[in-house]
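Reader: I am new to this structure. Please take me through one part closely, the aromatic rings, and set it in its surroundings.

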Amino acid sequence: MDINFKAAPSPSYVVDERLLIKNLEILKSVQERTGCRVLLAQKAFSMFSLYPLIGRYLSGVASSSLFEARLGYEEMGKEVHIYSPAYKESEFDEILKVSDHIVFNSFSQWRRFRERIETAPKKVACGIRINPEYSEVEKGLYDPCAPYSRMGVTESGFRPEELEGIDGLHFHTLCEQNSDVLERTLRTVERKFGKYLKKMKWINLGGGHHITKPGYDIETLIRCILLMKEKYGLQVYLEPGEAVALNSGYLVSTVLDIVENGMKVAILDASATCHMPDVLEMPYRPGIIGAGKPGEKAFTYRLGGPTCLAGDVIGDYSFEEPLKVGDRLVFRDMAIYSMVKNDTFNGVGLPAIAAYNDTEGLRIIRQFGYEDFKMRLS
């Protein structure tokens with residue numbers, strides 16, 4: 001690595017713009033080959049200081065709330081799409097101002113807001129989220145097609161008589177998956193909802209496409225997109241979040257202390273629960289530059305955060321040399337679902353946010369302090 005992580009604040013997220021651009025170029029090539037439009041799903045990556053860069057490659061943003069929609073509108077200035085399981089009456093007029101596409105989770109929500117859309121000064125494309133009741137997601141927390149899901153309209157609940165004014169259909173059934181899963185999902189979508197697709201102008205294939213992961217089958221993705229485009233005459237949208245910033249970010253941390261209780265435990269200034277919550281929620285074990293699996297290298301440690309939560313444990317790692325207080329540890333793939341989910345539990349400070357490119361080197365974009373903790377409380 002040619003980034004001097006010792007020059008970064010600790011803890012801090014550092015996004016390597018070179019790696020980000022590598023992902024964006026792959027996504028742009030998919031757009032160019034198919035005519036589809038790829039959106040940044042802000043729920044995964046909302047580092048808006050890089051939106052001008054991302055906007056040079058992608059078509060816009062996908063949002064899950066008014067605030068995300070407004071952020072994309074103000075900071076990228078391209079297409080703004082929004083989907084929410086339910087919209088608040090008090091926010092809807094502002095949503096109309098900043099959004100180009102609004103996807104409704106139910107026909108009852110469509111009925112509730114339809115008149116306001118029709119009388120709005122701005123033309124907005126509207127869609128319905130469908131639930132094909134088919135998913136290959138193994139973990140229930142991430143399965144939008146699980147029994148009793150609140151996400152989308154099932155075949156039995158679909159109301160074709162209420163489609164006037166609806167321009168498109170949206171589904172999201174993938175989570176970190178390859179295009180073979182999309183291909184199988186589309187067969188179910190066609191079987192259940194194909195008779196409505198020819199009446200639509202667009203389809204949104206949602207997120208969860210691991211397009212920039214090594215080994216991803218892009219040719220099958222291309223085939224799926226062209227099927228929707230050529231068979232039904234649809235504009236196709238994708239809204240990957242992970243694929244945009246996958247493997248492009250790091251979390252820099254420092255060893256604060258080393259204790260022993262059956263094994264050596266290193267306490268860091270970075271917290272799983274505060275700074276990398278997906279380590280506990282997914283769960284998964286993030287890589288560390290220069291570290292190996294337990295027992296793989298000479299010295300094995302359990303790494304934990306500084307909070308009082310007993311389970312604030314990142315995982316077990318091995319190192320070539322013994323760890324010392326003050327050592328820097330750099331976690332990989334920390335751009336996605338980190339900045340957007342972090343918190344100040346226990347009063348633990350938020351990591352600084354930094355970026356690196358070959359022209360400017362390492363630059364600190366934002367640092368946080370006590371007021372950022374206090375402002376969320378009362």
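Author: What follows starts with the whole chain, passes through a set of strands, and ends at the rings.

This is a predicted model. The protein chain holds 11 helices and 16 strands. Its C-alpha atoms fill a box of roughly 65 × 45 × 45 Å along the principal axes. A compact globule of 378 residues would have a radius of gyration near 21 Å, and the protein chain has 22 Å, so the two agree. Of the 378 residues, 54% count as buried. The accessible surface comes to about 17,200 Å². Carbon and sulfur atoms make up 50% of that surface. Now take the contacts with a separation of 6 or more. Residues 24 or more positions apart account for 68% of them.

Next, the strands. Strand β2 (residues 37-41) pairs with strand β3 (residues 60-63) in the parallel sense, over 3 bridges.

Now the rings. The whole structure contains 15 aromatic pairs. One of them joins tyrosine 87 and phenylalanine 92. Their ring centres lie 5.7 Å apart. Their planes meet at 70 degrees, and over 60 counts as edge-to-face, so this pair is edge-to-face. Are these two residues buried or exposed? The cut-off for buried is under 20% relative accessible area. Tyrosine 87 has 7%, so it counts as buried. Phenylalanine 92 has 0%, so it is buried too.

A further pair joins phenylalanine 107 and phenylalanine 158. The centres are 5.3 Å apart and the planes stand at 85 degrees, so this pair is also edge-to-face. The pair links distant parts of the chain, 51 residues apart. Phenylalanine 107 sits in helix α5 (residues 107-118). Phenylalanine 158 sits in the loop between β6 (125-129) and β7 (168-170). Phenylalanine 107 has a relative accessible area of 5%, so it is buried. Phenylalanine 158 is buried as well, with 5%.

Last, go back to the ring pair of tyrosine 87 and phenylalanine 92. Both residues belong to a cluster. Ring pairs link Tyr87 and Phe92 with Phe104, Trp110 and Phe113.

How values were computed. Residues numbered from 1 in each chain as written. Predicted model: local features only at pLDDT ≥ 70, side-chain atom pairs only at ≥ 80, totals over all residues. Heavy atoms only, no water. Pairing = 2+ DSSP bridges. Helix = DSSP H or I, 4+ residues; strand = E, 2+ residues; numbered from the N terminus. Rg over C-alpha atoms; globule rule 2.2 N^0.38 Å. Buried < 20%, exposed > 50% of the residue type's maximum accessible area, 1.4 Å probe, protein only. Contact = heavy atoms within 4.5 Å. Areas by Shrake-Rupley, 256 points an atom, 1.4 Å probe, with all protein chains shown as cover. Phe/Tyr/Trp six-rings, centres within 6.5 Å; stacked < 30°, edge-to-face > 60°.
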